Amino acid sequence: MDGGLGEADWKVGVDIGGTFIDFCALDTRSGRVASLKVLTTPDDPGAELMTGLTLLAEREGLDPRAVTRFVHGTTVGMNTVIQRKGAPLALLTNAGFEDVIELARLRMPDTYSLFCSRPDQLIARDMVFGIPARRRSDGTERQAPDMAAVADAVAAVKAKGAMGVVVSFLHSWRDDAHETAVKEEVARLAPELFVFTSAEVWPVIREYERTTTAVLNAYVHPRISGYLSALEGRLAGRGVPARPLLTKSNGGVMNAAEGKRACVHMLLSGAASGVNGAAWLARQAGEPRILTLDIGGTSADFALIVDGQAQFGVGEMIGEFPLHIPSVSVSSIGIGGGSIASVDGQGVLRVGPESAGSTPGPACYGRGGDWATVTDAMVVCGWLGHSQMAYGQLRMDADLARAAVKRLADELYRSVEATAQAILDVAVSEMFAEVEKMAARAGVDVRDFALMPFGGGGPMLGVFLARELGMPRVVAPRWPGVVSALGGLVADLRGDFVRTLFADLSPGLMPALREAFAAMGREGRDWLAAQGHTGAAELRVVADMRYAGQSYEIETALNPEWLDGGDTSGDPGAIAEAFHAAHTRLYDFHDPDGRIEIVNLRLSAIGNGPALHFPTAPEEPHAASAERSVPVFTGGAVTPVGLYRRADLQAGARFEGPAIVAQEDTTFAIPAGTSARVDAHLNLHLTFAE
């Protein structure tokens, strides 16, 4: 172990997924990187964190007292929603609008499915209470809240056993005084209940979006708050001096104290951290356009990185519910390493969305699972099983994998190997369809991008997917299994703030725009100061804009100089041109004479994270040597495939596929017709023959 604080300065990133908890630790004084995966403990969330710190101390000499930055991402919030294990809640809203979350947007989740049904809401209808109160759309008061009705509602809420209350009134984005007054009354009458208002969570126009975001925040609050308190206690017990930071859905971080209240901002933290880590790696490697592929045990996540920056949006799905806060744009599908293959009633092979998880896991793990999964199919085909996995914690049992796949093979009247290949083909085709939809929404051609696969399963299937998509290259980082943990390690502090304006873009609007920008700027700087940031603040501003008559907006990046200078009359021309350009990029046209509306002005306050640098080595071109040859079923026949150890591949190494590259955190499957090169950052670059 390192001798003391003077000899080491460790920065630690941690990300908990469905199957593994990942660690990426950097000793900044020596440049040494340590990575680790530990199986999760669903019955005792957080226990695996202590196990990982113990192993890092034993194997890598990490001294907990030398940890000066500790960043943590977790799926506790997401899993709480998906598994519906959140707090029982009540909703107080305007009388006559009690069906706000039931009606939603009157859309079915799958318009073209005859069997589609809408999900049960997180708050049952009999736990929604109408309060006589009304504020007009311009913010003026029509009727003050009836506090007697509030008292009756609170009595009913307590009798029905709710733990918390959400208060969401019409037009509170204009003025939240009604929500605040009712919150204070609920707290006075029932201090044992926690209360959130929609305006304090995310004060935007559209009552459904504002309400459902507040409901998600309250639903996960007790579990996240309890988890974070336990996390702080465990770290303190280990002597870690760093205040834990939490990864957010927007790719930034916040401190644990804020995370206990702003729970909704960390619901997509794991997926966002992965994209954030991939963006950092892309910048280091000089890669301008990247499609990320993050495959864990239960899902495959896709995102676009343009000019080294992740793309953002609103309306990401948390289970069956939309989340209307700025988040890294990620598309997900229920295909992961643990996704279960099955034969449906029509004799069709299906893969996912059910997953074997970490307990019991794929059959080949030998932990009691007997379903055939994607990982089992990889073992049967011969791509996996030639070395220890997950840093020696797993040994692949090929016999168990074959037995699981054989049950499906018997149903399909195919060989075990052909069935395993079919499982992989179905998984790749499902991901192909999801990427095509995502690319269409973003208005891009993925053939202009390189694929960056990561997560435990990304390298297993990523090269096959890239080839099917017609992508020219694959860029794989040195430690693909812990990219999400790296994303937290390199993340900036980032707080998001919003003002709804809902007005035409005109010279007369400029004073209101400047006032909103100045107020959010003050909020952002105060937020960074509360996080302990003492350096400069970067302010990024975007507007949600549309042509009059359109139903929804597009995000338009604005130059802060357009909002914080000049006379009060202002010139909105630059803002209009930015919107026209954004509209053209998405839809290939714009209306130069169209009336433009600004719905929301949003600001991100960013405090730069640590400037970390991983060691590089000069490229010295040379032919890499395979450790040995192993038999692999490649779709039509068994083929000898070279097995390479990632740790032996130095900068400048080159080899040809088919090949397997085995390493501590994952395994790369590289088909024939692929050329491989290792760069100065030890990234693996794969290109395909014409």
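1. The model under discussion is a predicted one. Cys364 takes part in no disulfide, and the nearest cysteine sulfur, that of Cys381, lies 12 Å away. A disulfide would require the two sulfur atoms to be within 2.5 Å.

2. The structure as a whole holds 0 disulfides. Cys24 has a relative accessibility of 3% and so counts as buried.

3. Cys381 also belongs to the list of buried residues in H10, together with Val374, Thr375, Asp376, Ala377, Met378, Val379 and Val380. Helix H10 is thus mostly covered, with 8 of its 8 residues buried. Just after this helix, Gly382 adopts a positive phi of about 105°.

4. Helix H10 spans residues 374-381 and helix H11 spans residues 398-412; their axes come within 9 Å and cross at roughly 115°. The two helices are therefore roughly perpendicular to each other, and the crossing of H10 and H11 is left-handed.

5. On the H10 side, the contact is made by Asp376, Val379 and Val380, which meet Ala398, Ala401, Arg402 and Val405 of H11. Classified by residue type, this contact of H10 with H11 comprises 5 nonpolar and 2 charged residues, with no polar ones. Asp376, Val379 and Val380 are each among the buried residues of H10.

Methods. Residues numbered from 1 in each chain as written. Predicted model: local features only at pLDDT ≥ 70, side-chain atom pairs only at ≥ 80, totals over all residues. Heavy atoms only, no water. Axes fitted to C-alpha atoms, helices over the stretch in contact; angles between N-to-C directions. Helix = DSSP H or I, 4+ residues; strand = E, 2+ residues; numbered from the N terminus. Parallel < 35°, antiparallel > 145°, perpendicular 65-115°, else oblique. Left-handed = near helix turned anticlockwise from the far one by under 90°. Contact = heavy atoms within 4.5 Å. Nonpolar A, V, L, I, M, F, W, Y, C, P; charged D, E, K, R; others polar. Buried < 20%, exposed > 50% of the residue type's maximum accessible area, 1.4 Å probe, protein only.
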